[in-house]
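Could you walk me through this structure, with a focus on the core, the surface and the charged pairs?

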Amino acid sequence: MTLNPTRPSARQIVLGLQHSIAMFGATVLVPILVGLSPSVALFGAGVATLLFHLLTRGQVPIFLGSSFAFIAPTALVVKEFGPAAAGGGLIAAGAMYLLFSGLVKLLGVGRLLRVFPPVVTGPVIIVIGLGLSSVAVNQAKTNWWLALVTLAAAVIASIYGKGLFRMIPILVGVVTGYVVSLLTGQVTQDGLNAIAAAPLLGLPDFHAPTLDWRAVAIIAPVAVVTFIEHVGDVIVNGRVVGKNFLEKPGLSRTLLADGLANMSSAALGGPAATTYAENTGVLALTRVYDPRVLQIGAVFAILFGCSPKLAAVLKSLPQGVLGGVSILLFGMIASVGIRTLSEARIDFAHSRNLIIVSLILVLGLGGAAFPISVAGTSLELHGMALAALVGIVANLILPAQTPETDEPERTLH
């Protein structure tokens with residue numbers, strides 16, 4: 001159970017850098033929103049990813065980054081009780097993953113697979129991608145021409161590029177967009193000043209967590225929601241790669257690894273680190289599924305966390321550049337969902353299938369939110385978590401199509 005000790009190739013290093021850059025925006029956004037250190041978040045994401053790969057025997061190409069699901073409760077705890085208390089609450093949330101891992105181990109993954117058929121997972125994957133589309137558009141509309149230049153560079157590299165360039169369309173797009181930004185004065189003066197002033201090396205501002213049961217009660221129950229997201233991400237990741245990660249290395253192991261990885265990030269003073277939809281978009285676009293590349297990307301994240309100057313360069317990226325590559329990434333995720341439905345040959349002549357998919361898409365993309373209370377803490381199911389839950393329930397309670405109703409429909413074709 002060790003990471004690959006062999007020397008990485010130059011190609012793997014470049015691909016790992018690309019992956020780290022693709023994960024950068026969302027990873028640093030969360031700590032900025034909740035009041036934690038972006039440098040610690042980068043360092044913690046790298047450590048969490050390496051730990052995840054170690055515990056899953058390097059089989060799953062997943063990058064762990066700052067979780068959006070924990071933004072509201074973490075921000076509240078940081079404001080009311082301080083960052084150290086938030087760290088304790090996030091560690092408790094990671095511990096809940098260990099509980100979920102034990103339950104999956106006890107009950108078996110087979111029962112879980114029966115509630116996640118393609119008619120559920122396909123539209124949930126679509127919701128993941130299209131649910132993030134507003135983020136991409138909001139970034140792009142800050143400077144549409146810059147976003148289109150970045151997008152065009154990535155598309156050209158992906159379709160017409162040769163060798164390595166075809167495998168790094170995101171990096172090509174980001175570099176092209178950033179160079180154009182510099183030449184046209186789109187990088188802010190504050191960003192340039194921050195780059196000049198930032199030291200090349202420097203340790204992040206780590207801080208130890210403290211146990212505050214009030215913080216635990218507010219943050220830990222969110223793990224109920226992110227558990228559903230984890231299952232969805234692992235299924236989607238497997239669909240892209242062409243493997244069943246729920247069986248090997250097993251959902252119980254990925255949950256265990258995700259929980260311990262989350263706890264490692266929180267122990268350093270960072271936000272919750274969990275599986276990422278953005279990661280799936282990079283895999284689908286580049287078609288590079290080597291877990292070693294993700295591990296190298298994690299090392300780059302740690303280096304970015306220890307280099308204020310490198311972090312300042314990435315933070316100076318205009319929103320238009322990020323929007324250009326995000327349009328492609330998030331669209332690729334949604335396309336994987338469509339491919340899932342197509343490969344499973346879901347028959348939409350059956351009203352049952354239409355109803356399940358319709359409920360998932362409308363509730364998942366329409367901004368619906370369902371309030372719940374867990375252990376006295378108010379939570380909100382929305383987005384992918386709500387879509388997945390609705391799809392699971394609809395698939396279980398709606399009667400399967402009977403042979404009698406199937407036959408007349410077949411004769412029509």
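Here is a short briefing, grouped by topic.

This is a predicted model, where local features need pLDDT of at least 70, side-chain atom pairs count only at pLDDT 80 or more, and totals for chains, interfaces and linings use all residues. Residues are numbered from 1 along each chain as its sequence is written, and side-chain values use heavy atoms, with hydrogens and water left out.

**Core**
- The largest nonpolar core has 110 residues, and Val120, Ile170 and Ile219 have the most contacts inside it.
- Such a core is a set of buried Ala, Val, Leu, Ile, Met, Phe, Trp, Tyr and Cys residues joined through side-chain atoms within 4.5 Å.
- Leaving out residues up to four places away in sequence, Ile219 touches Phe70, Pro73, Thr74, Val77, Ala86, Gly89, Leu90 and Ala93 (contact: heavy atoms within 4.5 Å).

**Helix α14**
- Ser252 lies in helix α14, residues 246–267 (helices are DSSP runs of H or I, at least four residues, numbered from the N terminus).
- Ser252 counts as buried because its relative accessible area is 14% (buried is under 20%, exposed over 50%, partly exposed in between, with a 1.4 Å probe and protein chains only).

**Salt bridge**
- The whole structure holds one salt bridge (a side-chain nitrogen of Lys or Arg within 4 Å of a carboxyl oxygen of Asp or Glu).
- Arg214 and Asp212 meet through their side chains in a salt bridge, at 2.8 Å from N to O.
- Asp212 has 16% relative accessibility, so it counts as buried.

Technical notes. Helix = DSSP H or I, 4+ residues; strand = E, 2+ residues; numbered from the N terminus.
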